[in-house]
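Subject: Structure handover

Hello,

Here is the structure I promised to pass on. Please open it next to this message and follow along.

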Amino acid sequence: MTSDNDRRRGLLARLRGRPVARSRGRRRLGAAVRLAAALMLAGGAYTVFAPGVQAQDNPPLTAAGNEGKALFDVSCVTCHGRNAQGVEGRGPSLIGVGSASVEFQVGSGRMPMARQEAQAMRKPPQFTDEQVRQLGQYIQELGGGPQVPSGNLRDGANLATGGELFRINCSQCHAFGGGGGALSSGKYAPSLKPASDRQIYAAMLSGPQNMPVFGDNQITPQEKADIIAYIQETLKSDQDQGGFNLGRYGPSTEGLAIFLVGIVALVFASLWIAGKS
């Protein structure tokens with residue numbers, strides 16, 4: 001009798017527990033279905049909106065940018081990579097350097113480099129001015145960066161202010177006459193005589209080689225115009241009131257020349273006086 005009662009009680013317990021087990025299973029199944037539906041909804045939303053986001057992040061190139069990309073793929077991709085991200089041991093990344101750097105490096109013939117050396121030397125450019133602008137536009141659209149403004153870069157310039165700014169910020173490396181000078185590790189500050197207005201402005205914005213960057217916070221656009229006007233209208237005017245410019249390297253060479261000439265003159269004068277006496 002005890003075993004029959006136990007069996008009946010166990011059977012009743014199992015019968016009573018089935019609805020509970022079934023309800024728990026249904027709840028779990030319902031949660032899984034809802035989770036799957038939410039994931040499918042999120043995936044569909046991403047599929048719909050992701051192309052628009054990607055299109056905003058990578059807008060299509062302009063006509064000038066496409067022309068520049070064609071030139072880049074032919075002449076620059078070997079050293080700077082297909083996406084201008086640089087190639088280790090060959091060339092740095094160009095992302096973020098802006099069109100100003102391209103205008104200086106390519107417009108002055110420093111790029112493409114003939115060989116790897118301490119510093120890129122100026123040489124006849126391999127691209128026309130229009131092609132340089134197109135290359136610069138492509139790099140600008142690719143990663144942004146500083147740009148040389150259009151128009152007359154000397155508009156409203158003050159030569160006196162430009163001379164003062166040049167002597168404070170530029171003469172230490174480029175010398176007082178703009179003839180350039182030697183630096184450490186085989187590098188040098190180049191002569192400013194062959195540089196154009198845009199190349200000087202681009203150099204101040206991009207800071208090539210050992211040159212520091214002079215952004216608009218350090219030297220305002222108007223002060224840049226003053227410096228460019230002083231270089232182009234004063235240092236390149238070939239007005240040497242002393243007769244000989246001595247390379248325009250500043251007072252050191254002039255003092256040395258005067259010392260040597262004076263010493264030689266005094267020696268000959270002494271010999272002449274001694275011979276006469």
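Below is what turned up, from the overall fold to individual side-chain pairs.

First, the ground rules. This is a predicted model, in which local features need pLDDT of at least 70 and side-chain atom pairs count only at pLDDT 80 or more, while totals for chains, interfaces and linings use all residues. Residues are numbered from 1 along each chain as its sequence is written, and side-chain values use heavy atoms, with hydrogens and water left out.

**Overall fold**

The protein chain has 10 helices and 2 strands (DSSP runs numbered from the N terminus, with H or I and at least four residues for helices, E and at least two for strands). Along the sequence the order is α-α-α-α-α-α-α-β-β-α-α-α. Of its 277 residues, 28% are buried (under 20% relative accessible area, with exposed over 50% and partly exposed in between, using a 1.4 Å probe and protein chains only). The accessible surface is about 18,100 Å², and carbon and sulfur atoms account for 58% of that (Shrake-Rupley method with a 1.4 Å probe; for residues, only the protein chains shown count as cover). Taking contacts (heavy atoms within 4.5 Å) between residues at least 6 apart in sequence, 61% join residues at least 24 apart.

**Aromatic rings**

The whole structure holds 2 aromatic pairs (rings of Phe, Tyr and Trp, the last by its six-membered ring, with centres within 6.5 Å; planes under 30 degrees apart are stacked, over 60 edge-to-face, and the rest tilted). One of them is Phe72 with Tyr138, a tilted pair at 5.5 Å centre to centre and 55 degrees between the planes. Phe72 sits in helix H2 (residues 63–75) and Tyr138 in helix H5 (residues 129–143), so this pair ties together parts 66 residues apart in sequence. Phe72 is buried at 1% relative accessibility, and Tyr138 is buried at 3%.

Phe166 and Tyr230 also make a tilted pair, with ring centres 5.6 Å apart and planes at 45 degrees. Here Phe166 belongs to helix H6 (residues 159–169) and Tyr230 to helix H9 (residues 221–235), 64 residues apart. Phe166 is buried at 0%, and Tyr230 is buried at 11%.

Have a look at Tyr201 too: Lys224 lies over the face of its ring, 5.9 Å from the ring centre (NZ of Lys or CZ of Arg within 6 Å of the centre and within 35 degrees of the ring normal).

**Salt bridges**

The whole structure has 6 salt bridges (a side-chain nitrogen of Lys or Arg within 4 Å of a carboxyl oxygen of Asp or Glu). Among them is Glu103 with Arg133, at 3.9 Å from N to O. Glu103 lies in helix H4 (residues 98–107) and Arg133 in helix H5, so the bridge ties together parts 30 residues apart in sequence. Glu103 is buried at 10%, whereas Arg133 is partly exposed at 41%.

Arg154 is partly exposed at 27%, while Asp197 is buried at 17%. Arg154 also meets Glu233 in a salt bridge at 3.3 Å. Because Glu233 lies in helix H9, this one ties together parts 79 residues apart in sequence. Glu233 is partly exposed at 41%.

Finally, salt bridges with shared partners join Glu103, Arg133 and Arg198 into one network.

Best wishes
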